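Student: Could we go through this model together? I would like to begin with how it was prepared and then turn to the individual elements.

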Amino acid sequence: MHYFLCKTTQWLGPLKSELVETFGPQQIHAFPKLPLLAINSDIELEDNFVAFSTVALPHAQLLAEDSISNQAKQIEELILSKLEANQTINLDVFSMTYKFGVLEKGRSEIIKEKLMKGLRAKKLFPAKKKKNMELAIVQVMVLGDRSIAVSVLNSDEAIKYRTYLSPFVGGFNNVEDNKKAPSRAFKKIVEAQLIMGRKTKEGETFVDLGACPGGWSYIGRQQGANIIALDRSPLREDLMIDEKVEFKKADAFKFVTDEQIEWVVSDIICLPPRIMELIQTWVVSKKCQNFVFTIKFQGEADYPILKEFKELARSLDYKVILKQLNANKNEVTIMGWLDS
Ligand SMILES: C[S@@+](CC[C@H](N)C(=O)[O-])C[C@H]1O[C@@H](n2cnc3c(N)ncnc32)[C@H](O)[C@@H]1O
């Protein structure tokens, strides 16, 4: 099965519709009270996107309830049957609980300890921190009935399924609050950059479309970027007087430049087709190296437009990720980078 997790059970409806829309009518398995759906693993995921899923466990096998030792042994066998020795791997073990959502304690913690020991002995080395999303990835999800879904992807598959995967265990992440940021929206760009595994480098240009009050520009500045911020309303005072921030009181959709820009980001409140315009302006023309655009929905009636975003994404020369961030409300985020 391919398992798809979403942010909360509130998103099961949109996720289910999206799975049908994307992969055609088929049986979708639900799990009572869990933000989780599954489809048959004959379905090809490559070259597609599931925006309402925070993380997926592609080609997962289901292990029946058993003792922890037996289950750990079976998981280890599955991993060893698929991955060659002498490599570092990402290893995520979590329980999917009705009450707490993704939990890395209890049964999953014990299983992880056993796996770490067993795998190291076989020369497979779980990475201490998941930074490199191009490594092989093993995801182990303990379900409420103590059955376990195990997805093992080698490095080629991890690259192929990049949009479905997450650097966060079980897809769950809560960017720490930062009282100094001008708005809580800063969490979105932080989370998007973690997912992309890329940050702004010192001296790069960061074009922030729809920037007020400045949460994203603030993060860009923290990372040493030069900011060009566009909005009809000004940014917070400290950003307005920062000499590395150029504020333009203008319509962000009309902004053009001949320069090649490292980062173009948008959190503009607008209808989804306008974000397609931004993709045409900046991404199709390859005017930027990295982009992060939120796609905001007014209601469920807007969701089918995701199909058009997916088609467009497939045509780009960029590595593209389309997913709902933990920090997204009724929106998803499309992000990408030029794969040079
Ligand atoms: C959600 S807020 C952005 C929050 C910002 N990312 C932050 O971290 O503080 C959206 C902004 O888009 C701006 N906006 C909407 N339409 C715009 C347009 N056509 N041009 C420029 N800004 C626009 C609004 O004025 C608003 O400030």
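This is a predicted model: local features need pLDDT of at least 70, side-chain atom pairs count only at pLDDT 80 or more; totals for chains, interfaces and linings use all residues.

Student: In what order do the seven strands of the open sheet run?

Tutor: The order is β13-β12-β11-β14-β15-β17-β16, with mixed pairing. Strands and helices here are DSSP runs, numbered from the N terminus: E of at least two residues for strands, H or I of at least four for helices. Two strands pair if DSSP finds at least two bridges between them.

Student: Which strands are at the edges?

Tutor: β13 (245-249) and β16 (318-323) are the edge strands, each pairing on one side only. From one strand to the next, the twist averages 10 degrees.

Student: How many bridges link β14 and β15?

Tutor: Five bridges link β14 and β15, in the parallel sense. W263 stands opposite N290 in β15.

Student: Which strands does α5 lie across?

Tutor: α5 lies across β11, β14, β15, β16 and β17 (331-338), and runs at about 125 degrees to β15. Axes are lines fitted to C-alpha atoms, for helices over the stretch in contact, and angles run from 0 to 180 degrees between N-to-C directions. α6 also packs on the sheet, where it touches β11, β12, β13, β14 and β15, and its direction makes about 175 degrees with that of β11. Contact means heavy atoms within 4.5 Å.

Student: Why is α6 described as largely enclosed?

Tutor: Helix α6 (residues 215-222) is largely enclosed by the rest of the structure because six of its eight residues are buried. Buried means under 20% relative accessible area, exposed over 50%, and partly exposed in between, with a 1.4 Å probe and protein chains only. The buried residues of α6 are G215, W216, S217, Y218, I219 and G220. They pack against α5 (186-196), β11 (205-209), β12 (226-231), α7 (237-240), β14 (261-266) and β15 (288-296).

Student: How do the axes of α5 and α6 cross?

Tutor: The two axes, of α5 and α6, come within 7 Å and cross at roughly 50 degrees. That makes α5 oblique to α6; angles under 35 degrees count as roughly parallel, over 145 as roughly antiparallel, 65 to 115 as roughly perpendicular and the rest as oblique. α5 passes α6 in a right-handed crossing. A crossing is right-handed if the near helix is turned clockwise from the far one by less than a right angle, and left-handed if anticlockwise.

Student: Which residues meet there?

Tutor: F186, K188, I189, V190 and Q193 in α5 meet G215, W216 and I219 in α6. By class, the residues of the contact of α5 with α6 are five nonpolar, two polar and one charged. Ala, Val, Leu, Ile, Met, Phe, Trp, Tyr, Cys and Pro count as nonpolar, Asp, Glu, Lys and Arg as charged, and the others, Gly among them, as polar.

Student: What about the backbone on either side of α6?

Tutor: The peptide bond from C212 to P213 is cis, with omega near 0 degrees, and P213 lies in the loop between β11 and α6. Just after α6, G224 takes a positive phi of about 90 degrees.

Student: Lastly, where does D47 lie?

Tutor: D47 lies in the loop between β3 and β4. Its phi is near 65 degrees, a positive value in a residue other than glycine. At 53% relative accessibility, D47 counts as exposed.

Definitions and conventions
Residues are numbered from 1 along each chain as its sequence is written. Side-chain values use heavy atoms; hydrogens and water are left out.
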